[in-house]
Amino acid sequence: MIEAENLTKVYGIPRDRAVPLLRRADREDAVRNAGGFLAADGVSLSVSPGEIFVIMGLSGSGKSTVLRMLNRLVEPTDGSLRIDGLDVSAMSQDELRPLRNRRINMVFQHFALLPHRTIRENAAYGLKIRQVPAKERLERADQALRRVGLERWRDSRPHELSGGMKQRVGLARALATDAEILLMDEPFSALDPLIRRDMQELLLQLQAADQRTIVFVTHDLNEAMRIGDRIMVMRDGHVVQCGTGTEIISSPANEYVSEFIADVDRSRVLTAANVLRTPLVTARPDESPGDVLQRLENAEMNGVFVLDGADRVLGVATDEALARALRDGAATLDSCLVGDCHTVPPDLPIVEFCDLAGRHTVPIAVVDDDMRLLGVAPKAAILAALAAPRKVGHA
Ligand SMILES: Nc1ncnc2c1ncn2[C@@H]1O[C@H](COP(=O)(O)OP(=O)(O)OP(=O)(O)O)[C@@H](O)[C@H]1O
Ligand SMILES: [Mg+2]
């Protein structure tokens, strides 16, 4: 949906003077010596339809600059930009207008709500500048206000609303339009942590229904991890890493990223799939208790998953049950089977199941929708995953 290549922004000197400087090997110094500032340097990114793509980095790293280049609110000094196949970098201002008015909507940290207008009129504002007829725009504003839980407030004025509610009006304003692309610049940064979480939840719910393409700027990695399908980490105008939250947390590209992720709640980002191990021993129900017991002893384990021909979990056989069956002369494992285990899906965050680890003779079983065993989540693997990674370079 969005395809940016080598987007570069020099502030402070005109483009025709800046471009030759960018061709030089010492571009950064050359720009600075000429009185300019290289705020974004060769940023390439591609965002798929329906994706939430997060740009993250410290203050001044160039996030807003990159975001605003995506609708040319900030004019790129260099690079190319395509949106839905259209070459946006080559468009004239006249050609840009319909794109900005219809297809792309921007949501800022501090919404400029119109103080003397009602919440309803504020929510309809984006449609007004899009010249949607009055009746239709109020209907759509009402609908959007309903979606963000503010319909009761539609006749109030902005000063009657809390910060979180104002932010929801801004969201409603964007939702009321049918823009396919939302560019959001730290929209929740001014909110209290609890309200901020609610807003993140709300955004995810709305997004699940609408499937818009969202580029979301934040300097909060936990927020990035919670809402981003992919995260691009920026530093001093450069992209340092781009990947899913799990990719970034399990292999940070450098020290800067490691420092960033040190504070992340890993148990909410990493899932059962990240701690999946092949079980050392499994058994079939028609095996003899003696054989299975032998394998258990060799592996120094106390229990085993018993699987059918399609690897579905039938139950667990403990070493004690196997020993009893052996004494009783049982030919198969039928009498040994108990349901004494926990099963989790691979996409379940570790926080949801880590307290179950170590409670049973077998590890937690990771299964697909058909109860087929994909692997086990041993306690040691969970603990290792939750421990902060060793610093890159010292590993
Ligand atoms: N119009 C401008 N003219 C000159 N320099 C600018 C301009 N806008 C931004 N900058 C500089 O470019 C750098 C990147 O700014 P940008 O706003 O993109 O950063 P950011 O990552 O969004 O930061 P923040 O988290 O504080 O919003 C900063 O050092 C900033 O001072
Ligand atoms: Mg910014």
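Ser 156 is buried, at a relative accessible area of 11% (buried means under 20%, exposed over 50%, partly exposed in between, with a 1.4 Å probe and protein chains only). Ser 156 sits in the loop between α7 (134-147) and α8 (163-176); helices (H or I, at least four residues) and strands (E, at least two) are DSSP runs, numbered from the N terminus. Setting aside neighbours within four places in sequence, Ser 156 is in contact with Arg 117, Thr 118, Ile 119 and Leu 161, where contact means heavy atoms within 4.5 Å.

This is a predicted model, in which local features need pLDDT of at least 70 and side-chain atom pairs count only at pLDDT 80 or more, while totals for chains, interfaces and linings use all residues. Residues are numbered from 1 along each chain as its sequence is written, chains are lettered from A and ligands numbered from 1 in the order in which they are written, and side-chain values use heavy atoms, with hydrogens and water left out.

**Around ligand 1**

- The shell around ligand 1 is made of Tyr 11, Phe 37, Ala 39, Leu 58, Ser 59, Gly 60, Ser 61, Gly 62, Lys 63, Ser 64, Thr 65 and Glu 186, going by a heavy atom within 4 Å.
- By type, that shell splits into 4 nonpolar, 6 polar and 2 charged residues (Ala, Val, Leu, Ile, Met, Phe, Trp, Tyr, Cys and Pro count as nonpolar, Asp, Glu, Lys and Arg as charged, and the others, Gly among them, as polar).
- Backbone N or O atoms come up to oxygen atoms of ligand 1 at 2.8 Å for Gly 60, 3.2 Å for Ser 61 and 3.0 Å for Gly 62.
- On its own, ligand 1 exposes 630 Å², and the protein buries 58% of that (Shrake-Rupley method, 1.4 Å probe).

**Helix α1**

- Ala 18, Leu 21 and Leu 22 are buried in α1 (residues 15-22).
- These residues cover an arc of only 100 degrees around the axis, so they lie on the same side of α1 (the arc is that of the directions from the helix axis to the C-beta atoms).
- The buried residues of α1 pack against β1 (2-11), α2 (27-33), β2 and β4 (78-83).

**Positive phi**

- Most residues other than glycine have a negative phi.
- Glu 300, not a glycine, has a positive phi of about 55 degrees; Glu 300 is in the loop between α14 (289-299) and β12 (303-307) and is exposed at 73% relative accessible area.
- Met 371, also not a glycine, has a positive phi of about 70 degrees; Met 371 is in the loop between β15 (364-367) and β16 (373-377) and is partly exposed at 32% relative accessible area.

How values were computed. Polar contact = N/O pair within 3.5 Å; in protein donor to acceptor, adjacent residues only side chain to side chain.
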